[in-house]
Amino acid sequence: MRNSRVATALALVGSASAFWRMPCRSRTGLARMDPLMDPGEISDHVHSIFGGGNFGMTTTYEDLTQTGGDLNCTSCGVIEDQSAYWTPMLYWQSDDGKTEAVQQVGGMLAYYLLYLDDLKAFPEGFQMIAGSKNVRNFTGSFPDAELSSWPTDPTDQFFLQQRAIGFNCLNYNKAPEPSLYRHQFPDRDYLDANCLSGLRLELAFPSCSNGEKDSHDHKSHMAYPSLVKEGNCPEGYDTHHPFIFYESIFATNEYIGKGGRFVLSYGDPVGTGYHGDFIMGWKSADYLQSAIDDCTNDSGNVQDCPHFTLQDDSDAAKCTFPVPHALKGEDCEGPLDGLPVDVPVQDGPQPATAFPIAGRGGAQTTGLPSTTAETSFALPTLTYSAADPSFTSTAQGGIIVAMYSSGANRLHAEAEPTSSSYEAPTSSYEAPSSTYVAPASLITESPSIADAAPADDIISTTTYTQGNEVVELYIQEVEVTVTATATAPSKHRRHLHQHVHHQRGARR
């Protein structure tokens, strides 16, 4: 008998999950303002705005972070984050043309997911936009093709932009749909029959950068990797930033059985023009870099990051921006005759066109990729079935925190609760009423290096791309005992499981 040292390779498709989700439970305001697209002027549509208190028509990084008094605040949970986060508001339009803002439940969540390698903080002065408001047609299939069939060369950014939008049908008595599962509104029959807990609007921002803080259209300096949240970055976009992902829940269930439709504030009843804006407003780029480097707990809780100073929701709710004189008295909630203010509803499928903007002269014109091809998107009928997220989703079920695999170690579709707070659905479950409080987003944790092997035994690591898989290889040195009769080494097979945490009845 003799002892020998044998090097074994353990290939994990994926990486240790590291992220935090920034809770922004109170708006700083609801107004026709957009300092990126309409600097110094009234915007053409209403935005729901969160984050830094010194928000206005010409907001900059310095405005958000170097102000004093009551405006030196944030409506989010971490005091050092005075970034500005905003998206269009959702409205209900009844059959008689009257509109009203749909209740936004629990504010919004802004996820910071650390997927790409060698991540760099957003520089001071950084800003970006995701989505295109004039799009009225999704030209892909439903559901999405398997990720293994997606192009590995991310040159078609419009393809990825369309798949960076999600409309998640919520029913807390059923298995959750994957995030970014459908890319336009479900039809009304489907909403009424299946989305009994509301609708979650989702938006993924690009994370590959050319190293610039901004660009003429606030988009060209950024690009999506080949799988939206991960994968290969385009040539020339070699700087990697955190993957930003917005979630906002709306109480569409309050309108079940009523005659009408849902329309986004810029006149979009389809949903494919959903978009959002971000201005970096962290205390400093160095501070954010420290958080990226050190806050690698896979819980996603801001409480687990030692750098963050937390504030109560009641204090965050005090942070609001002053409404500009030109918008004083403007009703953005309703009920109203039409969308505020005089925004026409444009159904598509052709791109939306410019229109006069109430309160200022002229009309904007915007360049847009052609989307006039006939749609192949078939809206779901009344049958509800959650998709297999391992095949169809880029960011599953409340954003899954594990990287995609198309190989033998594919993430399993079945979920395993790992928290004592999990409650299995029961037959006595009642759909939330108009005063319901949304549960926390479902987070699935990926394996960490510690799950794979003892850290002391890992003698080498490397990463490489195989097709559209990002493979991280750990070489582990283990001691085995063999006898004179040679036997084949046992095979080690790792299965990456989804662990979904359900928190029923908790604020997001």
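Helices (H or I, at least four residues) and strands (E, at least two) are DSSP runs, numbered from the N terminus. The model is predicted: local features need pLDDT of at least 70, side-chain atom pairs count only at pLDDT 80 or more, and totals for chains, interfaces and linings use all residues. Residues are numbered from 1 along each chain as its sequence is written, and side-chain values use heavy atoms, with hydrogens and water left out.

**Cis peptide bonds**
- Most peptide bonds are trans, and most residues other than glycine have a negative phi.
- The bond from phenylalanine 142 to proline 143 is cis, with omega near -5 degrees.
- Proline 143 belongs to the loop between strand S9 (127-130) and helix H2 (157-162).
- Proline 340 and valine 341 are also joined by a cis peptide bond, where omega is about -10 degrees.
- The loop that holds valine 341 runs between strand S18 (336-337) and helix H6 (389-392).

**Positive phi values**
- Leucine 180, in the loop between strand S10 (165-170) and H3, has a positive phi near 55 degrees.
- Leucine 180 is buried, because its relative accessible area is 1% and buried means under 20%, exposed over 50% and partly exposed in between (1.4 Å probe, protein chains only).
- Valine 228 has a positive phi near 75 degrees and is found in the loop between strand S13 (222-223) and strand S14 (239-240).
- With a relative accessible area of 0%, valine 228 is buried.

**Nonpolar cores**
- A nonpolar core is a set of buried Ala, Val, Leu, Ile, Met, Phe, Trp, Tyr and Cys residues joined through side-chain atoms within 4.5 Å.
- The largest such core has 84 residues, of which Trp20, Met22, Tyr85, Phe278 and Trp282 touch the most other members.
- Strand S8 (residues 104-113) gives the most to this core, contributing six residues.
- A second, separate core has 14 residues, among them Ile49, Ala84, Trp86 and Ile129.

- Serine 299 sits in the loop between helix H4 (285-294) and helix H5 (313-316), and is buried, with a relative accessible area of 17%.
- Beyond its neighbours within four places in sequence, serine 299 is in contact (heavy atoms within 4.5 Å) with Phe19, Arg21 and Asp304.
- Aspartate 189 is part of helix H3 (residues 188-194) and is exposed, with a relative accessible area of 55%.
- The C-alpha atoms of aspartate 189 and isoleucine 256 are separated by 9.1 Å, although these residues are 67 residues apart along the chain.
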